[in-house]
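Student: I'd like to learn how to read a model like this one. Could we go through it feature by feature?

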Amino acid sequence: MTLAALFGLILRPMLGWGASPLAWRPAVQSTRARNRLASFGHAFAGIGFLVRNEANMRIHLGVAAAVIIAGVWFRIDPAGWRWLVIAMALVPVAEALNTGVEQACNAVTRERRPEIKAAKDVAAAGVLIAAIAAALIGASVFVPALIELSVAPPICGGEF
């Protein structure tokens with residue numbers, strides 16, 4: 001692939017130079033900005049749906065809030081915060097994808113079918129894997145901070 005072809009492949013969709021033949025819907029030239037704003041509205045509606053209807057999403061958000069408080073309390077360094085942000089984003093993203101799969105499967109059929117069960121189980125496994133990874137990331141950031149705190153606890157009111 002030539003550099004010009006690669007450049008065109010990247011810039012064409014970004015600049016709106018016509019729809020790709022692979023797109024599932026054609027680009028509409030006159031309402032492009034309105035469509036972009038509407039896509040943000042749809043995304044926020046999806047977040048609202050998740051928070052209102054998924055108890056696990058509320059748990060994930062509560063844990064993320066606790067991680068933020070603990071990170072401030074332990075004065076986590078910027079590198080640690082980068083990892084924590086990734087971990088805090090990873091789990092809600094997995095939960096959102098899981099919910100999307102569940103909703104799509106429910107729209108297809110409500111009857112018990114092995115294919116639907118497998119799709120839902122695999123999506124739930126993705127959330128579990130993300131949560132385990134986030135817990136390991138959190139441990140890698142907070143355990144050294146806890147060890148440092150236990151070795152040299154802060155002295156209140158000055159030094160002796």
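This is a predicted model: local features need pLDDT of at least 70, side-chain atom pairs count only at pLDDT 80 or more; totals for chains, interfaces and linings use all residues.

Student: Where is Arg58 found, and which residues is it in contact with beyond four places in sequence?

Tutor: Helices here are DSSP runs of H or I with at least four residues, strands are E runs of at least two, and both are numbered from the N terminus. Arg58 is part of helix α3, residues 55-73. A contact means heavy atoms within 4.5 Å. Setting aside neighbours within four places, Arg58 contacts Val51, Arg52 and Asn53. Its C-alpha is also 9.5 Å from that of Pro92, 34 residues away in sequence.

Student: What is the overall pattern of the protein along the sequence?

Tutor: The pattern reads α-α-α-α-α, with five helices and zero strands. Of the 160 residues, 22% count as buried.

Student: Back to α3: how far apart are its end C-alpha atoms, and what span should we expect?

Tutor: The expected span is 1.5 Å times one less than the number of residues. For the 19 residues of α3 that gives 27 Å, and the end C-alpha atoms are 27 Å apart, which agrees.

Student: Which residues of α3 are buried, and which are exposed on the other side?

Tutor: The buried ones are Met57, His60, Ala64, Val67 and Gly71. They cover an arc of only 75° around the axis, so they sit on the same side of α3; that arc is taken from the directions from the helix axis to the C-beta atoms. On the other side, Ile59, Ile69, Val72 and Trp73 are exposed. The cover over the buried residues includes α2 (32-53), α4 and α5 (114-151).

Student: Can you show me a residue of α4?

Tutor: Take Ala96, which is in α4, residues 78-108. Ala96 is partly exposed at 31%, and beyond four places in sequence it touches Leu50 and Met57.

Student: Which residues make the nonpolar surface patch?

Tutor: Patches are built from residues with over 30% relative accessible area and no salt bridge; like charges are joined within 9 Å, and nonpolar side chains (Val, Leu, Ile, Met, Phe, Trp, Tyr) within 5 Å. Here Leu37, Phe40, Phe44, Ile47, Val51 and Leu61 make a patch of about 610 Å², an area from the Shrake-Rupley method with a 1.4 Å probe, where only the protein chains shown count as cover for residues. Helix α2 gives the most, with five residues.

Student: And how many salt bridges does the structure hold?

Tutor: Side chains of opposite charge can pair when their charged atoms come close. The cut-off is a side-chain nitrogen of Lys or Arg within 4 Å of a carboxyl oxygen of Asp or Glu. The structure holds two. One joins Arg113 and Glu115, at 3.1 Å from N to O. The other pairs Lys117 with Asp121, with closest N and O atoms 2.5 Å apart; both lie in α5, four residues apart, about one turn of the helix.

Notes
Residues are numbered from 1 along each chain as its sequence is written. Side-chain values use heavy atoms; hydrogens and water are left out. Buried means under 20% relative accessible area, exposed over 50%, partly exposed in between (1.4 Å probe, protein chains only).
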